[in-house]
Amino acid sequence: MLSQTAEYALRAVVALAAKPDTPFTTKRLAEETQVPSPYLSKVLQALARADLVKSQRGLHGGFVLARAAGEVTLLDVINAVDPIRAIESCPLNLKQHGANLCPLHSRINATILMMRDVFKSSTIEEILQEDSTSKPLCESGPS
């Protein structure tokens, strides 16, 4: 249910959060996250507009998180690039349904709302600290 853009944005933010004192060029971040560089550039622009990342110019420049990883939720990142939207009226535009969703769309909407709540209650820091044998982006190249 997440768009590819949202997935790419999450990968980028997780990579930046994993090394908070290290500015990443777009090229290096693209390699680390396995996201095409031109696409990543647009994602980073959206994240910067949402004040989630900031860029530093100069010889040792690049992108870094604008806030601590514990202050950034997954929903913050997702909403910066492709907001999760609840179903507020019949997606088929059936006049007899209006805002009164049918059982199918009602269940889809309930799932969307649950997913949004999980993303809202999960921080990037929690993702990095979660005890797991698989770490985010663990097969990325050397630093």
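Of the 143 residues of this protein, 36% count as buried, where buried means under 20% relative accessible area, exposed means over 50%, and partly exposed lies in between, judged with a 1.4 Å probe and protein chains only. The model is a predicted one, in which local features need pLDDT of at least 70 and side-chain atom pairs count only at pLDDT 80 or more, while totals for chains, interfaces and linings use all residues. Residues are numbered from 1 along each chain as its sequence is written, and side-chain values use heavy atoms, with hydrogens and water left out.

Taken along the principal axes, the C-alpha atoms fill a box of roughly 60 × 30 × 25 Å. The protein has six helices and two strands, which follow one another from the N terminus in the order α-α-α-β-β-α-α-α; helices (H or I, at least four residues) and strands (E, at least two) are DSSP runs, numbered from the N terminus.

Two of these helices can be followed as a pair: the axes of H3 (residues 37-49) and H4 (residues 74-81) come within 8 Å and cross at roughly 115°. H3 is therefore roughly perpendicular to H4, a label given to angles of 65 to 115 degrees, whereas angles under 35 count as roughly parallel, over 145 as roughly antiparallel and the rest as oblique. Axes here are lines fitted to C-alpha atoms, for helices over the stretch in contact, and angles run from 0 to 180 degrees between N-to-C directions.

Side chains of opposite charge can pair when their charged atoms come close. The structure holds three salt bridges, each a side-chain nitrogen of Lys or Arg within 4 Å of a carboxyl oxygen of Asp or Glu. In one of them, arginine 11 meets glutamate 7 at 3.0 Å, N to O, and because these residues are four apart in helix H1, about one helical turn separates them. Arginine 11 is partly exposed, with a relative accessible area of 22%, and glutamate 7 is partly exposed as well, at 34%.

Another salt bridge joins the side chains of lysine 19 and glutamate 32 (3.6 Å, N to O). This pair links distant parts of the chain, 13 residues apart, with lysine 19 in the loop between H1 and helix H2 (26-33) and glutamate 32 in helix H2. Lysine 19 is partly exposed, with a relative accessible area of 22%, but glutamate 32 counts as buried because its relative accessibility is 10%.
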